[in-house]
Amino acid sequence: MNPLSITCLLHLLLLLVVADAFSLFPKKTHVQINNDLGSGIDLTVHCKSKDDDLGERHLGYHNNFDFGFRPSIFQNTLFFCSFQWNGLFHRFDIYVQIRDSLLCRQCVWDVRPDGPCLTNYDLCFPWYS
């Protein structure tokens with residue numbers, strides 16, 4: 001390798017280290033969804049983003065589903081989910097980067113009959129529909 005290539009490579013490496021240190025590249029976020037509907041009530045969850053369909057999951061009471069991702073540097077990451085049980089159907093945006101990035105990198109949600117609760121902060125939200 002010639003000296004110019006080595007210098008360019010070292011500058012690139014330094015840029016990546018500095019960018020990571022100043023959080024230009026967001027760290028990985030984890031979302032966990034818990035079935036807290038009550039004993040004997042199964043929950044069907046289907047989560048998606050603009051780019052990813054995480055599939056449908058069937059959760060027994062006190063079971064959970066979790067996934068991880070790196071939020072966008074543009075602050076526009078969104079994961080939305082549908083929730084079904086006992087003939088009911090609800091929707092909720094389970095991760096909205098502008099709302100959630102300052103609250104949690106481990107976002108733990110309990111799904112309850114009246115809406116999902118971000119248990120890390122004891123914040124509950126109503127269903128969208």
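Student: What makes the contact of Asp110 and Arg112 a salt bridge?

Tutor: The N to O distance between the two side chains is 3.4 Å. A salt bridge is a side-chain nitrogen of Lys or Arg within 4 Å of a carboxyl oxygen of Asp or Glu, so the pair of Asp110 and Arg112 at 3.4 Å qualifies. Salt bridges that share partners also join Asp110, Arg112 and Asp36 into one network. Please keep in mind that this is a predicted model, in which local features need pLDDT of at least 70, side-chain atom pairs count only at pLDDT 80 or more, and totals for chains, interfaces and linings use all residues. Residues are numbered from 1 along each chain as its sequence is written, and side-chain values use heavy atoms, with hydrogens and water left out.

Student: How do you know that Arg112 forms a salt bridge with Asp36?

Tutor: By the same test: their closest N and O atoms are 3.0 Å apart, and the limit is 4 Å. This pair links distant parts of the chain, with Arg112 in strand β7 (residues 106-112) and Asp36 in the loop between β1 (29-35) and β2, 76 residues apart. Strands here are DSSP runs of E with at least two residues, numbered from the N terminus.

Student: Why is Asp110 called buried, and why is Arg112 called partly exposed?

Tutor: Buried means under 20% relative accessible area, exposed over 50%, and partly exposed in between (1.4 Å probe, protein chains only). Asp110 has 13%, so it is buried. Arg112 has 25%, so it is partly exposed. Asp36, at 24%, is partly exposed too.

Student: What makes the link of Cys47 to Cys81 a disulfide?

Tutor: A disulfide is a pair of cysteine sulfur atoms within 2.5 Å. The S to S distance of Cys47 and Cys81 is 2.0 Å, so the pair meets the cut-off. Cys47 sits in strand β2 (residues 43-49) and Cys81 in strand β5 (residues 78-85), 34 residues apart.

Student: Why is the disulfide of Cys47 and Cys81 called right-handed?

Tutor: The torsion about its S-S bond is about 105 degrees, so it is right-handed.

Student: Is Cys124 buried or partly exposed, and how do you know that?

Tutor: Cys124 has 47% relative accessibility, so it counts as partly exposed.

Terms used
Helices (H or I, at least four residues) and strands (E, at least two) are DSSP runs, numbered from the N terminus.
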